[in-house]
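This report describes one protein chain for a reader who is new to structural analysis. Please keep the sequence and the three-dimensional view at hand while reading.

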Amino acid sequence: MKLSDFDFDLPEDLIATRPASPRSAARLLVATPDQLTDGHMADLVDLLQPGDRLVLNDTKVIPARLSGLRHRDTAQGKMAAKVEVTLLDPKADGSWSALLKPLKKVKLGEVVVFSEALSAELVAVADGQGQLRFNLTGDDFDAALNAAGAMPLPPYIAAKRSADDQDKEDYQTVWARHSGAVAAPTASLHFDQALLAALTAKGVQFTYVTLHVGAGTFLPVKVEDVTSHKMHAEWGRVSPQAAAEIAATKAAGGRVIPVGTTALRLIESAARSGAVQPWEGETDIFIYPGFTFHAADALMTNFHLPKSTLLMLISALMGQERVREIYDHAVKSGYRFFSYGDGSLLLPQETNTVQK
């Protein structure tokens with residue numbers, strides 16, 4: 001498989017910079033092997049069946065973008081210089097790995113001040129990343145970070161506009177629980193409490209898992225032979241309860257439908273033995289055509305970047321030629337793409353719930 005096999009032309013004006021409001025007003029493209037149906041997220045109540053199980057990633061995005069100042073005594077007096085920081089992941093000792101710009105200008109032991117309450121010392125540098133030790137921990141750190149930080153919008157949105165306070169609500173799922181992600185599980189952004197209540201009343205069931213989405217999710221594939229691409233690792237957990245719920249749905253003949261590629265990658269990581277097991281650790285699973293699915297029966301997801309690993313993942317589920325047809329329809333029909341864009345329900349097997 002070549003990288004060029006996963007390319008397509010995407011008009012710039014289809015890249016969404018704000019989400020639909022309300023969330024469930026976003027458009028939804030429903031795809032089976034031989035049918036495409038245009039609808040909206042609210043249609044899920046009619047599309048899903050009692051006994052279906054949606055698997056939801058309950059990670060919580062931290063406001064990981066920080067702008068600070070480093071101060072240094074020079075022959076000309078005390079000088080200040082700006083430093084841009086993107087937090088990546090916490091270390092066992094409480095420090096954080098981070099991207100610093102400009103990393104080469106910041107010295108080991110130097111302190112970057114982000115607000116009156118929050119500052120950090122650069123304690124190590126390796127592989128183009130810095131390691132920061134903050135002056136606060138626990139709830140105090142969370143509060144100061146929330147006040148000083150901005151949401152880490154994807155590069156294709158950040159290139160068009162800066163993050164603002166509205167993003168702190170928009171770029172977070174309504175069920176976010178466990179802090180640690182620096183990117184949102186964006187298919188989940190389409191759900192609001194009203195839609196969740198309607199699905200519950202229909203008999204749809206929910207399972208929560210945690211995968212802390214890392215900045216590596218935006219890294220481009222740089223090799224022409226896609227099978228040689230190395231995925232970034234992300235920490236995740238499938239609890240014993242979550243594994244048992246998924247197993248019960250499978251046994252009862254219901255469908256297990258991850259909401260988002262992050263939830264899918266996690267439960268497939270936990271199912272390499274053939275069935276989902278309790279699991280915790282770092283996963284770098286890479287799903288591309290030829291992959292054998294043991295957990296997911298379908299997938300809810302947004303529309304992805306050309307030549308991305310996420311496009312390869314949905315091609316593994318639906319087939320490369322079918323994905324080309326789905327994306328051709330989405331572009332021609334004006335669906336909004338990427339993190340704040342519209343959604344799709346991908347059903348690799350025919351179902352009588354899809355109606356024109």
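Leaving aside residues up to four places away in sequence, Ser24 touches Met41, Ala42, His190, Asp192 and Leu195. The model in which these contacts are found is a predicted one. Ser24 belongs to the segment before E1. Its relative accessible area is 15%; because buried means under 20%, Ser24 counts as buried.

**A comparison across the sequence**

Gln193 lies in helix H5, which covers residues 193-202. Is Gln193 buried or exposed? With a relative accessibility of 52%, Gln193 counts as exposed.

A second pair is formed by Thr217 and Asp52. These residues are 165 residues apart along the chain, and 28 Å separates their C-alpha atoms. Thr217 is located in the loop between strand E12 (205-211) and strand E13 (234-238). Its relative accessible area of 23% makes Thr217 partly exposed. When neighbours within four places in sequence are left aside, Thr217 is in contact with Ala183, His232 and Glu234.

The accessibility values of the individual residues discussed in this report are collected below.

| Residue | Relative accessibility | Class |
|---|---|---|
| Ser24 | 15% | buried |
| Gln193 | 52% | exposed |
| Thr217 | 23% | partly exposed |
| Lys307 | 35% | partly exposed |
| Phe338 | 4% | buried |

**The chain as a whole**

The protein chain contains nine helices and 17 strands. Its C-alpha atoms fill a box of roughly 75 × 45 × 40 Å, taken along the principal axes. For 356 residues, a compact globule would have a radius of gyration near 21 Å, and the value of 21 Å for the protein chain agrees with this.

Of the 356 residues, 51% count as buried. The protein chain exposes about 16000 Å², and carbon and sulfur atoms supply 50% of that area. Among the contacts with a separation of 6 or more, 71% are accounted for by residues 24 or more positions apart.

**The nonpolar cores**

Which residues touch the most other members of the largest nonpolar core? They are Tyr171, Ile314, Tyr327, Phe337 and Leu346, in a core of 46 residues. At least two residues of this core come from each of strand E1 (27-31), helix H3 (155-158), helix H8 (309-318) and helix H9 (320-332). H8 gives the most, with seven residues.

Apart from neighbours within four places in sequence, Ile314 is in contact with Leu299, Thr301, His304, Gly319, Val323, Tyr327 and Leu346. There is also a second, separate core of 23 residues, which includes Ala26, Leu44, Leu199 and Ile257.

**An enclosed helix**

Helix H7 spans residues 261-269, and nine of its nine residues are buried, so this helix is largely enclosed by the rest of the structure. The buried residues of H7 include the charged-type residues Arg265 and Glu268, together with others such as Leu264, Leu266 and Ile267.

**Points of backbone geometry**

Two cis peptide bonds may be located in the view. One joins Ser21 and Pro22, with omega about -5 degrees; Pro22 lies in the segment before E1. Another joins Lys101 and Pro102, with omega about 5 degrees. Pro102 is placed in the loop between strand E7 (96-101) and strand E8 (111-113).

Positive phi values in residues other than glycine also deserve attention. Where does Lys307 lie? Lys307 is in the loop between strand E16 (299-302) and H8, and its phi is near 60 degrees. At 35% relative accessibility, Lys307 is partly exposed. Phe338, whose phi is near 75 degrees, lies in the loop between H9 and strand E17 (343-346). In contrast to the partly exposed Lys307, Phe338 counts as buried, at 4% relative accessibility.

Note on methods. Residues numbered from 1 in each chain as written. Predicted model: local features only at pLDDT ≥ 70, side-chain atom pairs only at ≥ 80, totals over all residues. Heavy atoms only, no water. Core = buried A, V, L, I, M, F, W, Y, C linked by side-chain atoms within 4.5 Å. Buried < 20%, exposed > 50% of the residue type's maximum accessible area, 1.4 Å probe, protein only. Helix = DSSP H or I, 4+ residues; strand = E, 2+ residues; numbered from the N terminus. Contact = heavy atoms within 4.5 Å. Rg over C-alpha atoms; globule rule 2.2 N^0.38 Å. Areas by Shrake-Rupley, 256 points an atom, 1.4 Å probe, with all protein chains shown as cover.
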